[in-house]
Structures are given as C-alpha cells and as structure tokens.
Amino acid sequence: MSSLFFSSSRRPLSVALRRFTLCRFSSIVTYATEEEKSRFIHPSSVVHPNAILGEGVSIGPFCTIGPFAKLGRACQLYPGSHIFGNTELGDNCILMTGAVIGDDLPGQTVVGRNNVFGHHAVIGVKCQDMKYKFGNECFLEIGDNNEIREHVSIHRSSTPSDKTVIGDNNLIMGSCHIAHDCKVGNNNILANSTLLAGHVVVEDYAHTAGGIVVHQFCRIGSYSFIGGGSVVSQDVPKYIIVSGERAELRGLNLEGLRRRGFSAVEIKSLRAAYRKIFMPTDTSSGNIEDRLSQVEQHEDLGLFPAVSSMVQSIRDSFAENRRGICKFRSWSGS
C-alpha cells in the first residue's frame, strides 16, 4: 500500500467526525475510541456518517462511501474507488483505483471476505435486461477469496425472486462480463473477455480461454474447458472440452482432470464412457438416450461416480427447459 495515501501523521477524518469534545478554560480535549484510531480516511474522501466501518479500514483519496454501506475489518479502498447503495463488504476486501461496488437501487450487494476488485471493476449495478422494472429489488452475492480483475462487470439480478451469485475462490480476469441472474460456483477460471449472458450457470472448476461468449440460460459443467474465441449456444457437459465459432465437443478435458487429482483409472473410465456415448462403433447402439442407459448399466463403467456424474450432466441438458448440449461429431477424439 502506498505510504503517500495510507499513512499520515494527521488524525483520520472519521475520528474528527466522531470525537467528543470537552471545553474547559478555553482548551479543547478530544477523545476517540481505539477502533477509530485504527482507521484511516483521507480528508478528500466523502464518507457518510451513517456508513459502518470496521476496524483497520483504510480509505484513500477521492473515494465515496454511501450511507447504507457496511465495511468489514481491514478493507482497503485505493484512490477513486466507490461504494454505493445497500452494500456489505466482508473483512479484508480490496478495491483498486476506480472500482465501483453497489448501486442506489432497492435490494442489496453482499460481498464475502478476502476479495480483490481490480481497477475500474463495476460490481453490483443495475442489470441490462429490458424486463427489469425500475424500483424492483435486485441482488448480488459474492463469496470469499475471489480475484476479480480490471474492468470486470457483474450485474445484479433482474427480478426480486432471483439473485446473481458468485461463489468462492474464482479468478475472473480482465474485461469479463457476468450478466443478471448468473450462478458461478467455486474455483473457476474465466479468462479475459469471457462474456456470460443472463441466467448462465457455471458449476465448479470450469476453465474458459479468452474471448468466449456464452448464450443465455446455458450451463457450463464442472471440470470443463471452453477454447478461446468460442461461441457457446448450448450446454457444456461435465469434464468435456468444447471449442469453435459454434462450439462443438472436442473430447475430454484430460489435462484439467489430471491437474484436479482424478486418478488414471477414473480418467480411463471416462474416456471409455465418452467413446460409447459420442463415438459408437455399433450401428445398433440407438439414440443418445439409449447409449447413456448402456453406460449406466455397464458392469464396470457404471461403478464409477465420475462416469455417473457425466451421464447425468448430459441427460439433464435434454430436459424440457434446457438447451441441449453442444453438437458432437463422430470424429471427436479424447
């Protein structure tokens, strides 16, 4: 942290706003709590007196904190960052220069602990859905230990009955967009300029390469990988790689599975199941539902939880309210 902005011999402004004065014989004696002494607020910042600031909060120059904001312990605001609306930050959150969290709208933005918001990130503002009715409550929840980089935008929900949710331990790289009502799980990596339309679900440990677009209401399965520049208009099942201008299945995410600790036996069983489902050699194997059932009932493959999970992920994508899976070709390898 720059000593120019976050260390000073002057008494913090918050102390001046909250101190008690005692005048006796033309002298002024000031009192401040230990918690107030531990904070620093640069004199050029505007902090509403109703805002709740935890112990050890540091606020640099030209910041704004609204009346309904609540900051946990040791939060740090770099110069020119702002918190608006009914916004709650957990302990040890950092806002880099220009970051904006919250909006003066009904509803709430709730952020967990140990999150970093990069330069000029815009988080928890009104959605870009034409169905949103002005005055409705809208919500965003973000978990713990996320790194949300520069110029990322994450919008609140479009209806009071839903919420946009980001889980824990995600890396969301520069210029990504996460639209209204999306659900992003845990331990995902979204590379630069990943764009998620409304109501997209990203499970856990998924990885996107740069410059990808995901159609609204799609689901990205756990441990999957999306190649750079892809346009995803249907679901991506668990464990699978997709890529292409209209993304198609390209096989299993073998390297990702190895890195996440899947055993050689599990990976071998997933490869065998993938081939039976998407690369059948028997012309009498039936349609995809028939092949899914054959894998489930296989005396060996059916014993592996990972295989059962992949089969269920594929089957769920064909439910009435879902978009089906990305197209597959018989020549796809794994």
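Helix α5 passes helix α6 in a right-handed crossing, where right-handed means that the near helix is turned clockwise from the far one by less than a right angle, and left-handed that it is turned anticlockwise. This is a predicted model, in which local features need pLDDT of at least 70, side-chain atom pairs count only at pLDDT 80 or more, and totals for chains, interfaces and linings use all residues. Residues are numbered from 1 along each chain as its sequence is written, and side-chain values use heavy atoms, with hydrogens and water left out. Helices are DSSP runs of H or I with at least four residues, numbered from the N terminus.

**α5 and α6**
- The axes of these two helices come within 8 Å and cross at roughly 150°; axes are lines fitted to C-alpha atoms over the stretch in contact, with angles from 0 to 180 degrees between N-to-C directions.
- That angle makes α5 roughly antiparallel to α6 (over 145 degrees; under 35 would be roughly parallel).
- Ala273, Lys276, Ile277 and Phe278 of α5 meet Ile288, Arg291, Leu292 and Val295 of α6, contact being heavy atoms within 4.5 Å.
- By class, this contact of α5 with α6 has six nonpolar, no polar and two charged residues (Ala, Val, Leu, Ile, Met, Phe, Trp, Tyr, Cys and Pro count as nonpolar, Asp, Glu, Lys and Arg as charged, and the others, Gly among them, as polar).

**α5 and α7**
- Helix α5 (residues 264–278) and helix α7 (residues 305–316) have axes that come within 9 Å and cross at roughly 30°.
- α5 is therefore roughly parallel to α7, and the crossing is right-handed.
- On the α5 side, the contact is made by Ser269, Leu270, Ala273, Tyr274, Ile277 and Phe278, and on the α7 side by Ala306, Val307, Met310, Val311 and Ile314.
- This contact of α5 with α7 comprises 10 nonpolar residues, one polar and no charged.

**α6 and α7**
- Between helix α6 (residues 288–297) and α7, the axes come within 10 Å and cross at roughly 160°.
- The two helices are therefore roughly antiparallel to each other, with a left-handed crossing.
- Ile288, Glu289, Leu292, Ser293, Val295 and Glu296 of α6 make the contact with Val307, Val311, Ile314 and Arg315 of α7.
- Here the residues divide into six nonpolar, one polar and three charged.

**The largest pocket**
- About 230 Å³ of space lies in the largest pocket; a volume is the space filled by probe spheres set on grid points, joined across faces, edges and corners.
- A pocket is an open set of points on a 1 Å grid over the protein atoms alone, where a 1.4 Å probe fits, with protein on both sides within 12 Å along at least five of seven lines; lining residues have an atom within 4 Å of a point.
- Of its 14 lining residues, His207, Asn253, Gly256, Arg259 and Arg260 lie nearest the centre of the largest pocket.

Definitions and conventions:
Angles under 35 degrees count as roughly parallel, over 145 as roughly antiparallel, 65 to 115 as roughly perpendicular and the rest as oblique.
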